[in-house]
Structure formats: structure tokens, C-alpha cells
Amino acid sequence: MNIKEVATKPFDNQKPGTGGLRQRTKIFMEPNFLENFIQASLNVRIASGDKIDTWVVGGDGRYPGIEFLPKIIKMLIANGVKKVLVVGRELVAPTPAISNVIRKYKADGGFILSASHNPAGINGDFGVKVEMSNGGQAPEAVTNAIYEDTKKIAFYKTLDISDDEALNLAEVEYLDPIKDYADLMQSMFDFDAIKGWFDAGNTFRFDAMNASTGPVAVEIFVNRLGAKREWIINDKPLPDFGGVHPEPNPTYAKSIYDFMMEGGADFGCACDGDGDRNMILGRGFYVKPSDSLAILTKYHKLIPYYRDGLTGVARSIPTSSAVDLIAKDLGIDVYTTPTGWKFFASLLDANKINLCGEESFGQGGNYIREKDGIFAILFWLNILSKTGKTVREIVEEMWNENGRYFYSQYSYEGVDKPKAEAIIERMKAVDIDGGNFAGFTIKKKEVFNYVDPVSGEESKNQGIQIFTTDGTRIFARLSGTGTVGATIRFYIEKFEKDKSKFNVPVMDYLADVYKLVDEIFEISKNFGDIKPSAIN
Ligand code: G16
């Protein structure tokens, strides 16, 4: 085959964020933008002596992934890849299913064409997640090296053949994205018990948000578990996700949220664009992702896969401390990592943990190296079917036993970037320990720096953490997944033991903490009369 080198020039906007490289779709479509990033990723793996014999390419079906596929295949083969495993003819599969393929077929790495929960289409976002042989995202050392390579790249390698020829090369194999993943889930959860829960007349609603999880959800919930077909909504994957913002939270998945708040079904749930995030809802009840992680930890023994127990659990540092109380009861370790699923990978690889999760609507385990929306939903269904309790009962019982962490995550999305960065920089530098603000006394402020307990790799400046003397915790960081301006995220929590207060609405309970954050971070002072665009 004719390998050719195509001259190219570096772009200055190819720094990978929390979950791979994300940019506006139109930027990704600029000549050589995709090619440069793919080549840089391969250069780094080749330079470090890694094998790149087998490579997986998958995606969440967003535009223009399928058009990018032949370009990527040509580059992979030209760079020495011997086998390209494409997940699904249409390139539609949830990220966790793609992670599973990498592990199952012992691939050396992969590319997932997805910008996750970001909107899709020509006016939306596109992205590439770079995956390692463990089925997890490249660690920071690798993404930093890729970024350095993008700054000096001079050419990329490709094949001198047509797109059609590339798609039909003998080296290219197309895999069924659904069966392997559905089989994996069936091997982990008690499908008979869940089927019994549906047979008993319990009602369900799953919103695939017009994205990648629809076909898998139909196979698992309807074909294998007996849910009614009409309970799976927005299940046809569309290249622009039908214009919705596919982020499963009360702000962007408002229709299923409202449906469930009005008591529409016994259990409701949704997944994001690439199926790694989930939202859990009971009849008239919303489960915060941090509480969800604590519940999964508490009930893990009901899940066949976890029958032998947990080795340890992990949460990202901005996630609420609810899981810590459960872990203490169980006598297992809790690790706290920076935001980003890639930080869990080394702990999972070393078997220090086998369950983990984040406030950003994600939980997962050691069977793959990505978070997994359907996994969390099946986990909940398994718990409901085994306990016979409702979602509300399960969560309220945990609060009654352990106390409740009132928790809120809220974001100012797409704000002026220099201003947002200046706010964080000022807070890093300022000495506020012992100071009084909005009726609170600051006990301690610190910058969160992380050292991976397995690899020793250091990740500095992962956010700002503040404790007040009354036990309130505030965490602040800039999002690493946005593509326009900057997004400032705040995470606040306060522990309550008094049961009579458990039903106070979260926003009322934490009202004075929102004011405190505004005052110390000078949000209104900088942005005027601004309201958070998403509040969970
Ligand atoms: C990605 C990472 C998650 C992380 C999230 C944070 O999620 O995989 O581990 O929690 O980003 O996003 P941000 O930096 O915007 O707060 P995803 O679902 O977008 O791939």
C-alpha cells in the first residue's frame, strides 16, 4: 500500500481537557485539524515504544464521525496498525461499550469520537478521547506529551487510497457494539431478579436523549429484561442528537426530570451523548450522583459481580463525602482523586478499588476503565428488585442511618475566560484563613494537588478547597470539557445529623453557602447579576 506523508502546520488549540480533545465541530472540520491530533496521539505511543498493532475506533454517532472514519483508518494503517476494529457500522456505541471492546479484544489503544455530554451537530461540539490498552483514557503524562507533539507537528502519514477502499480494507473489522456489551451486563447483574421487578408491574422510563445508548437500552431493558418498548424514549441515535443538550441532569434532561417529579413511573433514568453519564430518578424523587455512589457502595453485595466485596472505592474530590460514611461502615478505603475518570484507572488497575464515581453523573467499576451509565441504572434496578424498596426509601433510609450530606453543584457556563481564570488565580493566592465572610469563618483554604498513589504521577492545581469552621466544604474549579469561554464550577456540601431537617430543599438548606461563595469568589462583582446556568 502506498503510504504518503502530508505536510501540515501546528494548531494552537489542541490541548486535551478532562476527557480528551473537545472543540467546536467546525474547528474539527478545518483541514488537517483532526489529522494533526490523530498523528500526534500515534507519535506519542510509538515514541514510548508501545505496541500499536490493534486499534479500536468507535464513537457516539455524532456528526461528522462517520465521515472522519476512513481518514482515521488510513492514518492508522499508514502508521503501522495491523488491525482496526470499528465498533458498529454506523459508528454509534456508548463509550463504556467501546472500552469493553478494547479490553475484550486486547487492543493496544483506541479513539472514541465523542464530545460526551456536549451538544452535537455542525453548530455543536466534536471530540476525540484517546484510549489506552486498559480501555481507559490516556493519563495526563500522555495527554501532555500529545499536546507537546501537536505544537511541533510537521506532517501526518496516510494511505493513497479512496475512502471507500479504506472502509473495505482487509485490515478493518466491524464489530457488533450491542451484543458484547449486553452480554457483559448480563454476566454482572441479576437479570432474573430485575425481570421479576418488571413482571411485578413496576414502571420504568429511560431517556436516551437521541444519542448512543438507545439501541443498547432496547436490547437490555426490553429484549432481555421485559420492559415495555414505549418506556425507552428518544432512542434513535441522531447525528445532531436532535438538537438537545445530551447531559442527563435536571437542567438539560428536564422533560424526563419533570415527568418523574410528577410521579410518572417507579424508576426513571437517562444517559448522556456517549452513555457514560446517568441520572437516577424515583417517583417524585431525584437522586444526587454523589448519593447514588454511596448507595451503590452500600448495596454492592446484592450484585452478583460484587458478591465477594469491594476492595476499596474512590470518588473525585468535588464529589460529596456521602460515600465516605458507607466505606467507613464497610471498613474499606476511600481514595479521592482529581476530576476526570482517567485518575481512577491506575487505582482500578492496581485493584485498590473496584467501584468509583463522581458528582458529574458518573459511576463505574473495574470491569472496564470508563464510567458507565447503563451499569449504574442496572445496579439500581438490581437493588430495587432485591430489596423491594422504592428509590426514595433507599436514599432516605441511608440518610436516617448515617446523616445527610446536603450537596449542590452549580456552574456558570460559557463566561468570559480571562475573568474566570483571574478569579481562580486570585483565590489560589489570597490568604483567607481565619477571615469572616457572609457570616462564616474560614478554617482553611488549599489548592488541591494530587499524587497518584500507584504511579506517583503528580497533578497540580486541580481546584480550590475551602473549609469553614462550621464544617461546610466548598470546592471550585474550571471545567475541562467546555469549548466556548470558560465554565466555573462550584461544589458545596454541609453535613446534617438532625433528621427533622432532611426534607428541607437543598437550595434552602445551603442558601447561606451560595452567598458565601459569591462573596469570596466575587462572582457578582465580576459578572454582575449572573445566575448559574446549571444547578444540580
Ligand atoms: C469528563 C470526565 C469525567 C469528569 C467530567 C468533568 O466527563 O470523563 O470524569 O467528571 O469530564 O467535566 P468538567 O471538566 O466539565 O467538570 P465526560 O462525560 O464529559 O467524558
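How far is an oxygen atom of the ligand from an N or O atom in the side chain of T18? I looked this up in a predicted model, and the distance is 2.8 Å.

**Ligand.** I then checked two other side chains. A polar side-chain atom of K371 is 2.9 Å from a ligand oxygen. For T481, I found 2.5 Å between an N or O atom of the side chain and an oxygen atom of the ligand. The ligand exposes 460 Å² when taken alone, and the protein buries 99% of that. I listed 19 residues around the ligand; those that come nearest are W341, E358, R477, S479 and T481.

**Nonpolar cores.** I looked up the largest nonpolar core, which has 63 residues. F204 and F221 touch the most other members. Helix α14 (residues 373-387) gives this core its largest share, nine residues. I noted some contacts of F221, among them I374, I377, L378 and L381. A second, separate core holds 43 residues, including F11 and L76. In soluble globular proteins, nonpolar side chains tend to be buried together.

**Aromatic pairs.** My search of the whole structure gave 33 aromatic pairs. F28 and F33 pair edge-to-face, at 5.0 Å centre to centre with 75° between the planes. Both F28 and F33 are buried. Y412 and F490 also pair edge-to-face, at 6.3 Å and 80°. Y412 is in strand β18 and F490 is in strand β25, so this pair ties together parts 78 residues apart in sequence. I counted Y412 as buried because its relative accessibility is 7%, under the 20% cut-off. F490 is at 0% and is buried as well. Last, I noted a cluster linked by ring pairs: W197, F198, F204, F206, F221, W231 and F267.

How values were computed
Residues numbered from 1 in each chain as written. Predicted model: local features only at pLDDT ≥ 70, side-chain atom pairs only at ≥ 80, totals over all residues. Heavy atoms only, no water. Core = buried A, V, L, I, M, F, W, Y, C linked by side-chain atoms within 4.5 Å. Buried < 20%, exposed > 50% of the residue type's maximum accessible area, 1.4 Å probe, protein only. Helix = DSSP H or I, 4+ residues; strand = E, 2+ residues; numbered from the N terminus. Contact = heavy atoms within 4.5 Å. Near = heavy atom within 4 Å. Polar contact = N/O pair within 3.5 Å; in protein donor to acceptor, adjacent residues only side chain to side chain. Areas by Shrake-Rupley, 256 points an atom, 1.4 Å probe, with all protein chains shown as cover. Phe/Tyr/Trp six-rings, centres within 6.5 Å; stacked < 30°, edge-to-face > 60°. Lists of a residue's contacts leave out its neighbours within four places in sequence.
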